[in-house]
Amino acid sequence: MKTGFNLSDWALHHRSFVWYIMIISLVAGIFSYVSMGREEDPSFAIKVMVVSAALPGATAEETVTQVTDRMEKKLQELDTLDYTNSVTYPGVSVVYVNLRADTPADKVDGIWLRVRNMMSDIEGDMPEEFAGFGFNDDFGDVFGNIYAFTADGYTPRELESYVEDIRTAVLQLDGTGKVELVGVREPVVHVEFSNTRLAALGLDRATVLNTLAEQNAIVPSGIIQTGQEQILIRVSGEFSTAEELANAPLRSGDTYFTLGDVADVTPGFEDPPSELMRVNGKDAIGLIIGMRDGGNILEFGEELDKLANDLVAQLPVGIGVEHVANQPHVVDDSVGHFVRALAEAVIIVLAVSFVSLGFRAGMVVSLSIPLVLAMTFVILDMMGITLQRISLGALIIALGLLVDDAMIAIETMISRLEVGESLTKAASYAWTSIAFPMLSGTLVTVAGFIPIGLNSSQAGEYTRSLFYVIAISLVLSWVVAVLMAPVLGTTFLPKKLKHEHAQAGRVRRVFRSTLIQAMRHKWVTIVATVLVFASSLFGMQFVEQQFFPTSDRPEVLVDVTLRQNAEFGATDREIAHFEDWLGEQEEVSYWSTYIGRAAPRFILTLDAPTATPNIGQIVIMTPDLAARDSLTDKIRAYDASHFDAEFFAKFLELGPPVGKPVQYRVSGPKPEVLRDLSRDLASRIAVDSRLTSITLDWNEPIRVVRVVLDQARLRQLGLTQSDVAKALYTVFNGASITDLRQGDKLVDVLARGVATDRSSIDLLENMQFGNAEGQPIPLAAFARLEWTVEQPVINQRDRVPTITVEAAVLGEDQPDTIVKDLTPVIEEFRQSLPAGYKVVIGGTVETSAESQQPILAVVPVMVMIMLTLVMVQMQSFRLTFVVFAVAPLGLIGVVAALLATGAPLGFVALLGVLALIGILIRNSVILFQEVKDLLAAGKSRWDAIYLASDSRARPILLTAAAASLALIPISRQVFWGPMAVAMMGGIVVGTVITLLFAPALYCAVFGVRPPSEDEEGAPA
């Protein structure tokens, strides 16, 4: 654009106002940086809802048929459904509703409401015994602070009271979200009947229980209307303590007695408990605290710490407190590391600027960095984007790119000063010569990150702030280059400059000579480049593939799993033995234990198993990564020597949780066949020594004693099947009679058999029943016992029974590599499957592929935008072809760098590889715009491509150096390391090859012939 409005010239004529904008931007940027929220990782929507249902008394198979299948069938009508996976226990169904990856996060809450309505629609189709639905759409709630309270000399109820008081105080803080208690033992009054004693006295258990319930019921007693006032009538008799319940009078014929005469009435707690929590081996109650959406976790952490210190100081002696999860501290440490890395990157870029451009020009480029960063912080703060792993890493990546425009603008200004132009004219020349090529190049670079911005998968949501930071900072860098850099240049650059590049140095002379040879032997250059590129494609198969790396946090998580028919007490004992061993290990700082449930989600990426009596989870804190790795090896050895339970040690994950990384799902109609096939598959993959902890997510059947009733005899005795079932349930599990009302607490009164009755299988045969006439009747009089087996749990995926064979990885090999190596084994197994059965790869490989699909779907949009931008700038099909031909060359450096360092190509690194396309195209756009300008000035095509390549080589190499060297601080990090390595290799190698390949390809496409050596112009 040669005429018309000139923004740079306008800025030079309004310098005071531009300086005002710069000062305000810096001040606003500082305030925005301070006020921005801090997080360890960006949040993303957990697009999973848990729907539970109950059909008491049904087998697992009956529950699947009558409940689970109906639920899943109805849920398949959901248009945003990806798949359902269900876990069905006898009488209990748990269905996980998984939405499609492209479901917008802001639509999820509305979809959960629709799920509730869908379940309400089918409730009338359920069996009469159906006990209703339960919904959990807060599956992804994060509780960043967890306090564990222990008591020495206090009852669990007293400890709970103290923790409840603290919970009430915490809820008063402005930043508090959801606050819950875990590990609470529910108080229960047990009324334990001796079946033999009841039968001997001729008592009917049901009559006794009904009498107690009716006495304790709250029923209206009437109101006396006197004509002037109302007088309420109240009837006494309600129970408030276990002693009152034990003294409740009963009658059998003419005999009067109390409940305590025929039953043991004892206050206690839920037995077995539904869940327990311990800290360092001591029973505890956990206070789990979440932060409201949009809060600043560092500020909230400071407020919470102050309040907690005050409240803990008021607790009586004997109550201890352990802060077992402290997310604000982790975030502060994480953000601090990134800020230091950002500072290192700034120093590196400043050094490149000063060394390459000199002090004065380097000062102009250096001042553009804080300006761009400050304005970026303002916009990010307005958008609600927090400072976390992704956004801070993106700032470091952007840092090396955002100086490009300023460098090019100042280089252009210096070149004009060297030919004698005035400061003002030189400063405004950038707008007329390179402003729009720079804008096109900047937008092309931004377009390279579009697959991140438009990726709606969980992994895409996790990394989305990368796109926003890059896009905002690069567009702002162009604004600074054309609006503020001219003002800074006229302030810091001298009025006149000597032509410093009249005598080329050795490096430049070597480059010129190489460039001429590349252009003269264009086909050799092109073929050689294509062959090198082909070799990089071949070498790609040797690059390790990865989804997300494991976290560099020092925690070790241990998933404890017993056989599926294990009772809660067995799980508790196994974990207690492990805790005893754990207390002897020097690598352990402290630990928290959760029995019957997973740990609260103290980090969004936590993988939480379904709560059942046979599982537990232990979170162990170690002082550093070396201790973490050492302890993990010890836990694996401990697991190998204990066969009653699996102790699977793992680390926290970065990105969406997967669980054990290598998984295969075997599906088919018959569970018994499915079980045998899955065991066969497990034995086949077990030959790979890189796999460990190979398990099936459901496997062995459980023993069942079936009470076969003689219905005719049952009628003769005046009993029904329901009478027998209820009596058995009361003896062995316990039946709720009533509640004791103690303040705002309801204490369940549970009737059950004495311990000897409910724990003995032999006693079942001799169990006595009482009929309506009070006659004792032994079970053997109307039933016989049969032994059989049935499934304790049935897992389904999309209504098809499915067993998942899971395995962890030993060593440094990536799951994708192992899965590829196992392909022949899996194919052989697949060929042996009966009709109706199939095996599907799951785990990390599947999740990675699912996350990459939305990216690949957006790549055509990215290419189209880039193509349009380049075409607008080049206005030539052949030039556009040449520009785009350099796009894939960055892969040469990517493969070389990844193979040399052994770094894997993970999800984040893949995003960096896609971004390289935009970076390399940007350089080509600026290069060939120079060619067009030189052609317009009357140069021949040979001279134009030669002079443009020579003149643009220095700024292109400088910006490549800045972009690649700025990545050094994050190349050492677990999360960003592979991406940094890939981008550094791609930028450096791709840029160098581009400077030689692009001119040669231009010569081939446009048929440019080299002049004779004596006609070849001297370098400018």
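Two strands are said to pair if DSSP finds at least two bridges between them, and the helices (H or I, at least four residues) and strands (E, at least two) named below are DSSP runs, numbered from the N terminus. The model shown here is predicted, so local features need pLDDT of at least 70 and side-chain atom pairs count only at pLDDT 80 or more, while totals for chains, interfaces and linings use all residues. Residues are numbered from 1 along each chain as its sequence is written, and side-chain values use heavy atoms, with hydrogens and water left out.

In strand E24, Asp748 is the bridge partner of Val188, and E24 (residues 745–753) is joined to E7 by 6 bridges, the two strands running parallel. These strands belong to an open sheet of 4 strands in the order E12-E7-E24-E23, with mixed pairing. Its edge strands, each pairing on one side only, are E12 (263–269) and E23 (735–742), and from one strand to the next the twist averages 25°. Helix H5 (residues 156–170) packs on this sheet, where it touches E7, E12, E23 and E24, and its direction makes about 155° with that of E24; such angles run from 0 to 180 degrees between N-to-C directions, the axes being lines fitted to C-alpha atoms, for helices over the stretch in contact. Helix H24 (residues 721–732) also packs on the sheet, touching E23 and E24, and its direction makes about 110° with that of E24.

Within strand E7 (residues 187–193) we find Glu192, which counts as buried because its relative accessibility is 14% (buried means under 20% relative accessible area, exposed over 50%, partly exposed in between, with a 1.4 Å probe and protein chains only). Leaving aside residues up to four places away in sequence, Glu192 touches residues including Ala263, Asp264 and Arg752, where contact means heavy atoms within 4.5 Å. The side chains of Glu192 and Arg752 are also joined by a polar contact of 2.9 Å.

We can now turn to two helices. The 31 residues of helix H11 (residues 327–357) should span 45 Å at 1.5 Å a residue, and the 44 Å between its end C-alpha atoms agrees with this; the expected span is 1.5 Å times one less than the number of residues. After H11 comes Gly358, whose phi is positive, near 90°. Helix H13 (residues 389–418) is largely enclosed by the rest of the structure, because 28 of its 30 residues are buried, and just after H13, Gly420 takes a positive phi of about 100°.

Definitions and conventions
Polar contact = N/O pair within 3.5 Å; in protein donor to acceptor, adjacent residues only side chain to side chain.
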